[in-house]
Amino acid sequence: YFFSAFLLTMNITPRKVPYFKLDVSKAFSLLTPQQRLYAHHLNIAGWHGTSVCAQQLSVESLPLLKGFYTLFTQAPDLPELRRKADVADEDEFAKFLEYFALLYSNMGNYLSFGDSK
């Protein structure tokens with residue numbers, strides 16, 4: 001009983017995860033033009049690698065990542081995102097954000113440990 005209860009807790013995702021906007025503009029402005037170009041191309045390469053990893057994780061992962069990317073880039077802030085996602089209940093919207101955060105942090109719809117959904 002203890003072991004099965006322990007396994008269940010391993011697959012529970014965290015609730016009420018805080019979200020912060022990451023502003024790198026000041027740090028980026030301190031780079032030389034060559035360093036900026038390097039950072040840009042490293043970023044592009046990383047995103048191309050993401051699609052490869054997502055496709056290898058599951059058939060659903062890449063379409064989910066692309067769908068969320070499209071949705072999030074069309075909304076300038078969370079209230080607008082909530083409207084576009086058509087989620088009226090605040091708790092449901094929080095669960096939606098948590099699912100999105102876990103999906104992106106794992107680069108797919110499997111947890112990053114134990115290959116479980």
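This briefing describes aromatic packing, a surface patch, helix ends and the surroundings of one serine. The structure is a predicted model. Across the whole structure, a search identifies 9 aromatic pairs. One aromatic cluster brings together Trp47, Phe68, Phe72, Phe93, Phe96, Tyr99, Phe100 and Tyr104.

**Aromatic pair Trp47–Tyr104**

- The ring centres of Trp47 and Tyr104 are 6.4 Å apart and their planes meet at 65°, so this pair is classed as edge-to-face, the class for planes over 60 degrees apart.
- Because Trp47 belongs to helix 3 (residues 33-57) and Tyr104 to helix 6 (residues 90-106), the pair ties together parts that are 57 residues apart in sequence.
- Trp47 is partly exposed, at 45% relative accessibility.
- Tyr104 has a relative accessibility of 16% and counts as buried, since the limit for that class is under 20%.

**Aromatic pair Phe68–Phe96**

- Phe68 and Phe96 form a tilted aromatic pair, with 5.5 Å from centre to centre and 55° between the planes.
- Phe68 sits in helix 4 (residues 61-73) and Phe96 in helix 6, so the pair links distant parts of the chain, 28 residues apart.
- Phe68 is buried, with 9% relative accessibility.
- Phe96 is likewise buried, its relative accessible area being 18%.

**Nonpolar surface patch**

- Leu22, Val24 and Phe28 make a nonpolar surface patch of about 320 Å².
- Val24, one of these residues, is located in the loop between helix 1 (2-10) and helix 2 (25-29).
- The relative accessible area of Val24 is 49%, so this residue counts as partly exposed; the exposed class requires over 50%.

**The two ends of helix 5**

- At the start of helix 5 (residues 78-85), Asp77 places a side-chain oxygen within 2.9 Å of the backbone nitrogen of Glu80.
- Just after helix 5, Asp86 adopts a positive phi of about 55°.

- With a relative accessible area of 0%, Ser61 is buried.
- A polar contact of 3.0 Å joins the side chain of Ser61 to the side chain of Asn109.
- When neighbours within four places in sequence are set aside, the contacts of Ser61 are Ala54, Met107, Gly108 and Asn109.

Conventions:
Residues are numbered from 1 along each chain as its sequence is written. This is a predicted model: local features need pLDDT of at least 70, side-chain atom pairs count only at pLDDT 80 or more; totals for chains, interfaces and linings use all residues. Side-chain values use heavy atoms; hydrogens and water are left out. Rings of Phe, Tyr and Trp (its six-membered ring) pair if their centres lie within 6.5 Å; planes under 30 degrees apart count as stacked, over 60 as edge-to-face and the rest as tilted. Helices (H or I, at least four residues) and strands (E, at least two) are DSSP runs, numbered from the N terminus. Buried means under 20% relative accessible area, exposed over 50%, partly exposed in between (1.4 Å probe, protein chains only). Patches are made of residues with over 30% relative accessible area and no salt bridge: like charges are joined within 9 Å, nonpolar side chains (Val, Leu, Ile, Met, Phe, Trp, Tyr) within 5 Å. Accessible areas come from the Shrake-Rupley method with a 1.4 Å probe; for residues, only the protein chains shown count as cover. A salt bridge is a side-chain nitrogen of Lys or Arg within 4 Å of a carboxyl oxygen of Asp or Glu. A polar contact is a pair of N or O atoms within 3.5 Å; within protein, one must be able to donate a hydrogen and the other to accept it, and residues adjacent in sequence count only if both atoms are side-chain atoms. Contact means heavy atoms within 4.5 Å.
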